[in-house]
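Here's a quick look around one protein model, for anyone meeting it for the first time.

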Amino acid sequence: MLLKKLGWWDELSEEEKKEAEGKNWKTDPSGGIIRVAMKNHGCHPFGNAKARAVVWNFPDGVPQHREPLFSPRPDMIEKYPTHDDVKTMWRLPTMFKSVQQKNKDVSKQFPLVLTSGRLVEYEGGGEETRSNPWLAELQQENFIEINPRAANDRGVRNGEYVWVSTPSGARIKVKALVTERVDSGTCFIPFHFSGWWQGQDMLAFYPEGAAPIVRGEAVNTATTYGYDRVTMMQETKTTLCQVAKA
Amino acid sequence: MRAAILAVSLLALGATGCMEVEQTASPQKSGKYQGKPDTRPWDNAPLAYGDASWKQGDRTSWENQIRTRNLAQHEYKRVQ
Amino acid sequence: MARMKFLCDAERCIECNGCVTACKQEHEVPWGVNRRRVVTINDGVPGEKSISVACMHCSDAPCMAVCPVDCFYRTEDGVVLHDKDLCIGCGYCFYACPFGAPQFPQAGAFGLRGKMDKCTFCAGGPEKDRSEEEFKKYGRNRLSEGKLPACAEMCSTKALLGGDGDVVADIYRERVLKRGKGSEVWGWGTAYGQGKPAAAPAGAKS
């Protein structure tokens, strides 16, 4: 307890003391430690401490865990539910809790966590880098990284095409890369590909000469509804999925 | 006796198979490698731009230039 | 006397394929021909190691020994080069090379391969240095410009070293001394701990 060592502990109010006991700057839910350090003693936080200060106009003054709308753990939804639905959020009705409650048992059908990320060869959506032969040659197809155990349960072998389906109803066709880099409950798909739509190459729809050299299934076809109300960012990073042999 | 001569001559014949044979068409000449012509790198004039500086045809100065470039890969030295 | 060498520090290589791309860009190498490539061992498992491989410019090059038309030659600074005008594309060098360096641009009927292409240590070929013909056949001649191979000079982690063998050895030796002992001090073991792959977390579904 740094505050006690500094002799500032008694500047907290009684209620704050109760909540702040055994807590620190980052974990004190009352915000009293932050108030004493900043207001009374003029300490200016930076780095992580700054991010942990109480933000009065956010839904969570101090960040706290909330289960995603599509969660693999129904018990965690009970414990850490998401926000209530918002009637108007910048004039748009936005659903949070109702979607989460409706999809509480979605993990029975879609047991794998799907996360998306980057490859070193490509940039962003990859449209530019996939049009560059020197870079495009290095990764020529979109793939899903899947644990050997999960792949074995589904009869999927390395290098085979698989269908990845998600709660949104979309299916994407990618190649399986069986690797221990991901654990048996997780899959990974890079997001730098586009040009396929649910198993079909859209080459014919590109204006002549405009198609990138390498095309693949875009992972964002498959990601599900979700919205971060603070950053106003859609959920295209992670969701749940099921993998089946194509 | 004849058998011994035969054996010795066969041995000698066999031994020639183990001999090191010159594998290139012709020995190395300056500016010509194994009979193939190629300009040596230091026989070129340095580029008109950049920091390249050596005298045309002077191998030592070219090697010094390469050494400088080489040491640029040495990050402990580079930050000094 | 300079003796040109490559050295790849497997403790540092991060498999970014920058050397591969630099090579392709510098020499405008066509699709499917890889003068340099990055090989990863134990990919996805703790302790994985990557190493960048190209022609190692052997002192006693097997490709030179097997070539039926004797198209290879070694320059005074130890770079193994070949003459594409002599090459008949037989592919013997490909079988002889322990590093898979010789590349063939074509695959067609009757095993047609085309002229062999390989890493030149950025030293071009028999044509006039820095000429158009040399560039078309062998790529850029950086040694004649007083530069070292593009792959080594741009390596972001300085895993790939290229140049005079003595200098490269000195750089590497100093690096190993700085690390403490051997090659482990900076490597995977320090960052992630020596040990077995973590067991699947309890409750993980598949």
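## A lysine and its contacts

Leaving aside residues up to four places away in sequence, Lys84(C) touches Lys115(C), Met116(C), Asp117(C), Lys137(C) and Tyr138(C). Keep in mind that this is a predicted model. You'll find Lys84(C) in the loop between β5 (80–82) and α3 (92–96) of chain C. Is Lys84(C) buried or exposed? Its relative accessibility is 12%, so Lys84(C) counts as buried, because buried means under 20%.

## Salt bridges in chain A

Over all chains, the count comes to 36 salt bridges. One of them pairs the side chains of Lys4(A) and Glu21(A), at 3.0 Å from N to O. Lys4(A) sits in helix α1 (residues 2–6) of chain A, and Glu21(A) in the loop between α2 (14–20) and α3 (32–40), so this pair ties together parts that are 17 residues apart in sequence. Lys4(A) is partly exposed at 38% relative accessibility, and Glu21(A) is partly exposed at 45%.

Arg73(A) and Asp75(A) also meet through their side chains in a salt bridge, 3.0 Å from N to O. Arg73(A) is partly exposed, at 39%, and so is Asp75(A), at 44%.

## Across the chains

What about Asp43(C) and Arg181(A)? Their side chains form a salt bridge of 2.9 Å, N to O. Asp43(C) lies in the loop between β2 (37–41) and β3 (49–53) of chain C, while Arg181(A) lies in the loop between β6 (171–178) and β7 (186–190) of chain A, so the pair joins two chains.

Salt bridges with shared partners also link Arg69(B), Glu26(C), Arg140(C), Arg142(C), Glu145(C), Lys147(C) and Glu153(C) into one network.

Conventions
Residues are numbered from 1 along each chain as its sequence is written. Chains are lettered from A and ligands numbered from 1 in the order in which they are written. This is a predicted model: local features need pLDDT of at least 70, side-chain atom pairs count only at pLDDT 80 or more; totals for chains, interfaces and linings use all residues. Side-chain values use heavy atoms; hydrogens and water are left out. Helices (H or I, at least four residues) and strands (E, at least two) are DSSP runs, numbered from the N terminus. Buried means under 20% relative accessible area, exposed over 50%, partly exposed in between (1.4 Å probe, protein chains only). Contact means heavy atoms within 4.5 Å. A salt bridge is a side-chain nitrogen of Lys or Arg within 4 Å of a carboxyl oxygen of Asp or Glu.
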